[in-house]
Structure formats: C-alpha cells, structure tokens
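Please walk through this protein with me, from overall fold to single residues. The sequence and the model come next.

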Amino acid sequence: MRKEFKAFFIHITDPLYIKIEKLDILHILCNENNCDAIVQELSIYSKEIELDFVKKVLRVAGRIGIKIESSINHIIQLFLDILNSNKKESSLINDIMISMQLFFRKYDKSKFSEIFPLLFPHLNDMLEPRAKTAAIWII
C-alpha cells in the first residue's frame with residue numbers, strides 16, 4: 001500500500017471531505033522513501049483558494065515534519081512560500097506558528113533562522129490561543 005500512495009493524491013473534482021481524508025491518508029503513508037513527493041504535492045495544494053483546505057494542508061505538513069526529519073527543509077520552504085504570498089491569513093499564520101514551535105522543540109534551532117523574521121511581524125494577527133502560546137514559548 002505504501003508504494004501506491006499516489007492513488008491518494010487529490011484531484012480537482014474531489015469534494016472537500018474526500019480531500020481532507022486523502023490528506024490524512026497521505027500523512028499515514030508518508031515515509032522516508034516517498035516524503036519528497038508527498039511534500040511537493042502538499043506545496044501544490046497550499047496554493048488552493050479554499051482556506052479550510054489550506055489550513056489542513058499546513059497541519060499535515062507540520063505532522064510530516066515531526067515524523068520525518070529529512071522533510072523539514074521542504075516544509076519550511078512551503079511555510080515560507082505561504083508567508084511570502086498574498087495568503088497571509090491569520091489562521092494560516094496560526095497553524096505555521098504552532099508547527100514551528102513543534103519543530104523548534106524537536107530539531108536544531110539553526111534550521112529555522114530564516115522563517116522567524118517573517119513570522120514575528122504577524123504576532124498581532126494571531127488570534128488562536130495555541131498559536132500565541134507557541135510564539136511565547138519560542139521567544
């Protein structure tokens with residue numbers, strides 16, 4: 001089943017509930033061998049218009065980053081792409097901050113030097129208590 005992970009890539013015609021389930025399945029199937037392809041696919045999904053779907057993409061990317069250390073640079077790049085885009089929604093920034101706190105706790109802190117200057121100007125935009133707590137913990 002792990003070799004057939006591409007069967008769970010999302011199609012444009014999939015309804016939202018199918019997309020969400022496929023993201024969860026991709027997270028479960030993700031391993032060292034296929035994580036690059038899955039993270040590339042997540043990067044494509046992060047450009048979607050549907051905000052709830054993009055939030056789920058960011059959460060799955062964060063969980064993959066915790067699960068597989070070799071994916072962390074690609075996931076940080078995905079987060080940077082979101083922060084540099086016009087999609088600076090507070091809910092997306094909340095999810096990125098929460099994932100960054102988890103990364104910060106698990107991995108070498110020097111890997112994240114380029115993302116923090118982009119995150120911290122948005123501290124006032126963070127509405128979710130968990131994201132505020134993550135920001136305080138990081139500081």
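Is Ile-18 buried, partly exposed or exposed? Ile-18 is partly exposed, because its relative accessible area is 28%; buried means under 20%, exposed over 50%, and partly exposed in between, with a 1.4 Å probe and protein chains only. Ile-18 sits in helix 1. Its C-alpha atom lies 27 Å from that of Leu-80, 62 residues away along the chain.

This is a predicted model, in which local features need pLDDT of at least 70, side-chain atom pairs count only at pLDDT 80 or more, and totals for chains, interfaces and linings use all residues. Residues are numbered from 1 along each chain as its sequence is written, and side-chain values use heavy atoms, with hydrogens and water left out.

Now the fold. The protein has seven helices and zero strands; helices (H or I, at least four residues) and strands (E, at least two) are DSSP runs, numbered from the N terminus. The radius of gyration is 15 Å, close to the 14 Å of the globule rule for 139 residues, so the protein is as compact as a globular protein of that length. That radius is taken over C-alpha atoms, and the rule is 2.2 Å times the number of residues to the power 0.38. The C-alpha trace spans about 40 × 30 × 25 Å along its principal axes.

Of the 139 residues, 48% count as buried. Contact means heavy atoms within 4.5 Å. Among contacts with a separation of 6 or more, 66% join residues 24 or more positions apart.

The largest nonpolar core holds 47 residues. Such a core is a set of buried Ala, Val, Leu, Ile, Met, Phe, Trp, Tyr and Cys residues joined through side-chain atoms within 4.5 Å. Leu-42, Phe-79, Met-100, Phe-112 and Ile-115 touch the most other members. The elements that give two or more residues to this core are helix 1 (16–29), helix 2 (35–45), helix 3 (51–67), helix 4 (72–84), helix 5 (90–106), helix 6 (116–119) and helix 7 (129–138).

Take Phe-112 from that list. Phe-112 is in the loop between helix 5 and helix 6. Phe-112 counts as buried because its relative accessibility is 0%. What does Phe-112 touch, leaving aside neighbours within four places in sequence? Its contacts are Ile-72, Ile-76, Met-100, Phe-103, Phe-104 and Tyr-107. Asn-73 is 39 residues from Phe-112 in sequence, with 9.0 Å between their C-alpha atoms.

Glu-114 lies in that loop between helix 5 and helix 6 too. Glu-114 is partly exposed because its relative accessible area is 49%.

Next, helix 2. Its buried residues are Cys-35, Ile-38, Val-39, Glu-41, Leu-42, Ser-43 and Tyr-45. An α-helix has 3.6 residues a turn, so residues three or four places apart point the same way. The cover over the buried residues of helix 2 includes helix 1, helix 3 and helix 4. Ser-43 counts as buried because its relative accessibility is 18%. Beyond neighbours within four places in sequence, Ser-43 is in contact with Leu-78 and Asp-81.

Last, the charges. The protein has 19 positive and 18 negative charges, and their mean positions are 4 Å apart. Lys and Arg count as positive and Asp and Glu as negative, without His and the chain ends; each charge is placed at NZ of Lys, CZ of Arg, CG of Asp or CD of Glu.
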